[in-house]
Each structure stands twice: as C-alpha cells, then as structure tokens.
Amino acid sequence: MTAVQVPGTPVISDGRLVSTSPATGDEAGSVPVATAGEVDRAVARARTAGQWWAGLGFTCRRTRLLRWRALLAQRVEELAELIHVEGGKPVGDAVVEVLTAIEHIDWAARNARRVLGPRRVRSRLILAEFSGHLEYQPHGVVGVIGPWNYPVFTPVGSAAYALAAGNAVVLKPSEYTPVVGQWLVDTFAEVVPEQQVFTAVHGLGDVGAALCRSGVDKVAFTGSTATARRVMAACAESLTPVLLEAGGKDAMIVDADADLDAAAEACVWGALTNAGQTCIGIERVYAVAAVHDAFVDKVVARAERLTVGADGADLGPITMPSQLDVIRRHIDEAVAAGGRAVLGGPAAVQPPYVHPTVLVDVPDSASAIREETFGPTVTITRVADADEAVRRANALPYGLGGSVFGRRDAVAIARRLRSGMASVNSALTFAGMSTLPFGGVGDSGFGRIHGEDGLREFGRAKSVTRRRARSLLPAMTFERTPTDVARIVKVTKALYGRR
Ligand code: NDP
C-alpha cells in the first residue's frame with residue numbers, strides 16, 4: 001500500500017503516477033509520467049502507425065476492432081474489477097459501463113465503411129456534366145483526453161470511432177484512472193501488435209495540455225467545462241479542431257400523466273448511479289404540482305433503500321476527494337437558502353462517501369440548482385405545468401441531456417429541452433444507443449460522439465468532382481464568350497428566379 005494522505009488522490013513517485021482506490025487507499029497500479037517531449041514523440045510514432053492503420057482500409061480495421069471488442073467481452077469481469085478498484089465504482093455499474101463501450105466499438109467497426117467510405121453524390125442541373133464523389137478521410141492522429149467518472153465508456157466513445165475512421169489515437173486518461181486507460185491500450189495492442197495505433201500518455205493536466213500542443217490533428221476532450229475552455233484555447237494556437245464533451249446539469253421533467261413509479265425508479269437511477277458522478281446524471285427534477293408530493297415520496301422511498309460502501313454496495317465512494325467539498329457546499333447552501341432535505345442532507349457527506357440526498361424547495365439561485373454537483377444529490381422542484389418545467393430546465397448555460405416522464409406530451413416536451421439528448425420515460429438511455437449521436441450545447445460543449453455523426457467527427461470530408469461531359473454552359477473558364485454569359489443569366493433566372 002502506498003503512503004497517501006487522502007485515499008484516491010494520485011501521487012507521483014519516481015517518475016510514476018501511482019493510482020489508489022478512493023475507498024481503501026490501496027494501490028491500483030502505476031504508470032510512467034510523460035514529459036512534453038515524450039508526448040511529442042508518442043504523437044510522432046502514432047503518426048507513422050496511423051498511416052499504416054489508414055492503409056489497412058475499412059475491412060481490415062473492422063476485423064481488428066471486432067477482435068478487440070471480443071477480447072473486452074471475454075475479460076469483462078477483469079476490467080470491471082479494475083474500474084472498481086481504481087475509481088471506486090460498484091462492480092455491477094462497471095460491468096454496465098464496459099458493456100456500453102463494447103456496443104460502441106461493435107457499431108463503429110461495422111458501420112465505418114457505410115458512413116465514411118467513398119460514394120457517388122448526385123449532381124444537379126447546374127454542373128450536371130460533372131459527377132460528385134465524397135469520402136471521409138482520417139485526420140491522422142487524434143488526441144483523446146478523458147475524465148475519470150466513466151474511464152472506459154468516455155474514452156472509447158471517442159477512440160473507437162476515431163480508430164474505425166482510420167486514425168491513430170493517443171489517449172491521455174484522467175490522473176485518477178490511468179491504470180484503466182493503460183489497460184485499454186494494452187489490450188488493443190494484443191489484437192493490433194504490428195504498430196502503436198492506440199497509445200497512452202500519462203500525467204496530470206499539464207500532459208493533457210502538452211497533447212493539445214503536440215501537433216495532433218484533432219483533440220476529442222471529455223471533462224469539465226472549465227478545462228474544455230483551456231483545451232480550446234490551447235488548440236486555437238494551431239487551429240487544431242476540437243470536440244468538446246463537457247459538464248452538465250441535466251433536468252428531468254415529470255408531467256401530470258407520468259407513470260410515477262417508473263419516473264421515481266428512473267430518477268433514483270439517473271441521479272444516484274455512480275454516486276451521481278455522471279455527466280448526464282439527473283441533478284434537477286421539475287415535477288408538476290399535481291404529482292409533485294407523490295413523486296417525492298416515491299423517490300425518497302427508493303433512494304433510502306440504497307446502500308453505500310466500498311464493496312457490494314449500490315453507491316461507492318466519491319472518486320475525486322476534492323469533489324466532496326463541492327457536494328457539501330451545494331447541500332449546505334441549499335439548506336441555508338430555505339431548501340429542505342427530505343433525505344440525507346449536510347450529514348450525508350461522510351468522506352469518502354456521500355449518502356443519497358433529496359432536496360426540495362431549493363431556490364433557483366442556489367448552487368445545487370445552478371452548478372454541476374457531481375454527487376448523489378437531486379433537487380425536486382414543484383412547477384405549475386410542463387411549460388414552466390421546460391422554461392426552468394432550459395434556464396442554465398448547460399445543455400447536455402435530459403429526461404421527460406409523461407404520456408401525451410412527453411416527446412414534444414423532450415424536443416423543447418435545450419439539450420443535445422433526451423430520454424422519454426427513461427433516464428440516460430441515449431448514452432448506450434450507438435446509433436444516436438451524443439453531445440451537448442452551450443456550456444456542455446459541441447461536436448458529437450457516437451452514431452453516424454460520431455464517425456464523421458473523426459473524418460474530414462473529401463469532395464471530388466469529375467468531368468463526364470463537355471460543358472454546355474461554360475461558366476468557369478476564361479474561354480466563355482459574352483453569348484455564354486447571356487445564356488448563364490437566362491438559365492439563372494429560369495432556374496432560380498421564380499418565387
Ligand atoms: P477535468 O476537466 O478536470 O479533466 C478532464 C481531463 O482533462 C483529465 O484527463 C485531465 O487531466 C485533463 N486536463 C486537465 N487540465 C488540462 C489542460 N489544461 N489541458 C488539457 N487537458 C487537461 O474533468 P474530470 O476528470 O474531473 O471529469 C469530470 C467532468 O467531466 C464533469 O464536469 C463531467 O460532467 C464531465 N464529463 C462530461 C461527459 C460528456 O460526455 N459530456 C462525460 C463524462 C464526464 P487530469 O485528470 O490529470 O487533471
């Protein structure tokens with residue numbers, strides 16, 4: 001066991017990042033810390049590997065990615081246990097996380113050719129003498145920077161799609177979960193031993209910053225909004241494109257005709273799974289007055305049954321020790337501002353754990369309503385109707401996901417949420433649906449992982465026109481005559497001049 005003051009806080013010792021369990025302080029493993037020069041060299045090696053990987057083509061890449069998927073599926077228990085030890089997540093939740101990541105690898109591998117491969121594009125009457133060709137070519141090397149809360153699902157959500165698109169990937173895992181990150185690249189190397197197509201560089205935030213400045217061709221970042229701003233600023237120096245998956249403060253709306261038992265079950269899961277350390281976790285609920293009280297009772301009845309602890313419990317520890325202060329502040333401020341804890345409350349914070357906390361009557365100005373809490377807490381606010389619920393749900397700069405429970409108007413309400421995603425009569429389900437894009441608006445970032453948009457995010461469109469006949473209307477040439485120009489005017493009016 002490593003001597004650390006606070007379990008879970010990574011330490012650097014003899015050039016190695018030592019990762020420890022937030023529950024027990026036991027060492028989960030260690031990885032070498034990269035210097036800025038080593039980051040540059042890793043990217044240079046990845047560039048060579050990426051050329052080889054791109055040259056394999058879609059079919060060979062698909063075969064290898066599916067082998068990696070199979071390896072992960074065969075070793076799901078081993079990976080889930082490692083996630084549990086390093087980050088504190090309950091093993092059952094870790095299994096679900098790995099399953100979701102596997103599904104994304106499978107879909108990306110199977111669909112990359114269809115979405116990104118070369119195809120003919122119809123031309124229109126103007127330029128009808130040319131055919132159009134489109135394909136999405138790999139960027140080259142993609143830098144993936146990941147958080148600790150879903151140390152497999154989040155990096156794989158970018159990396160699998162980037163790899164399927166033909167890119168090499170250099171991953172910078174969170175300093176809280178480097179061993180899981182290294183496990184991912186090591187297992188990939190087992191199925192792709194020829195070249196270092198998928199590698200990792202480790203360290204603190206400065207290593208992530210070095211990756212942004214290393215000359216990678218795209219950065220896919222998942223993490224907090226504050227760091228996303230820094231990543232974008234660093235990438236702006238070299239016009240490196242960025243994909244930003246940032247924080248959230250997702251809302252659930254419970255309408256008058258909702259199935260309240262189902263809504264309460266989904267609320268408790270959406271708010272408390274992974275001890276609330278979920279970017280798309282439900283942190284705020286807006287329940288219409290007619291069902292508010294009954295809904296609160298049902299949520300409390302379910303949430304108070306959950307167990308908290310290191311092993312075999314429903315909720316594990318808070319992975320990042322400093323987050324405990326944020327959670328404590330949000331609860332304290334909510335109560336000080338007139339909110340009521342109908343479950344948990346200030347005493348729920350018992351480091352490294354936080355017990356489920358349900359807050360009602362919290363004013364809109366409180367941090368528990370406005371800021372990302374990232375703990376097992378949820379506010380439930382009474383609203384007059386769905387319109388008020390939508391207005392208040394949309395009142396924050398964040399816009400990641402959301403959930404709506406109801407019958408008649410639920411889909412219409414979901415469409416009005418200012419967010420990249422929403423689940424109707426469930427919570428968080430869009431994350432596991434590989435066919436749907438995932439990403440936010442506003443302070444939650446931009447760009448999309450997953451689905452067809454997620455594949456296109458890692459390829460740049462290459463458009464080619466090819467002449468197939470002589471031009472009857474020569475426009476793009478100095479050889480055109482005044483007569484040609486007069487005909488162009490005539491055609492322009494005929495084609496586009498009518499209202
Ligand atoms: P952070 O923003 O603190 O860190 C994210 C990653 O960025 C880490 O690998 C971190 O390294 C690295 N990093 C830190 N500083 C820099 C820098 N200057 N330049 C480049 N990289 C840097 O987020 P957390 O790890 O705390 O993750 C929690 C956050 O992630 C929450 O806000 C959550 O909502 C969000 N998230 C968003 C998701 C989404 O899909 N939208 C999904 C999951 C989480 P190090 O750890 O070493 O500091």
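Start by selecting C60: this cysteine is partly exposed, with a relative accessible area of 35% (partly exposed lies between buried, under 20% relative accessible area, and exposed, over 50%, using a 1.4 Å probe and protein chains only). A quick note before you click on: this is a predicted model, where local features need pLDDT of at least 70, side-chain atom pairs count only at pLDDT 80 or more, and totals for chains, interfaces and linings use all residues. Residues are numbered from 1 along each chain as its sequence is written, and side-chain values use heavy atoms, with hydrogens and water left out.

Next, pick C235, which counts as buried at 1% relative accessibility. The disulfide count here is 0.

Now colour the domains, whose bounds come from an automatic or database assignment: domain 1 (11-247 + 450-459), domain 2 (250-397 + 401-436) and domain 3 (469-496).

How much area do domain 1 and domain 3 bury between them? About 420 Å², 61% of it on carbon and sulfur atoms (buried area is the accessible area, 1.4 Å probe, that two parts lose on being put together, summed over both). Zoom in on L125, I126 and E129, which supply 80% of the area domain 1 buries against domain 3.

How values were computed:
A disulfide is a pair of cysteine sulfur atoms within 2.5 Å.
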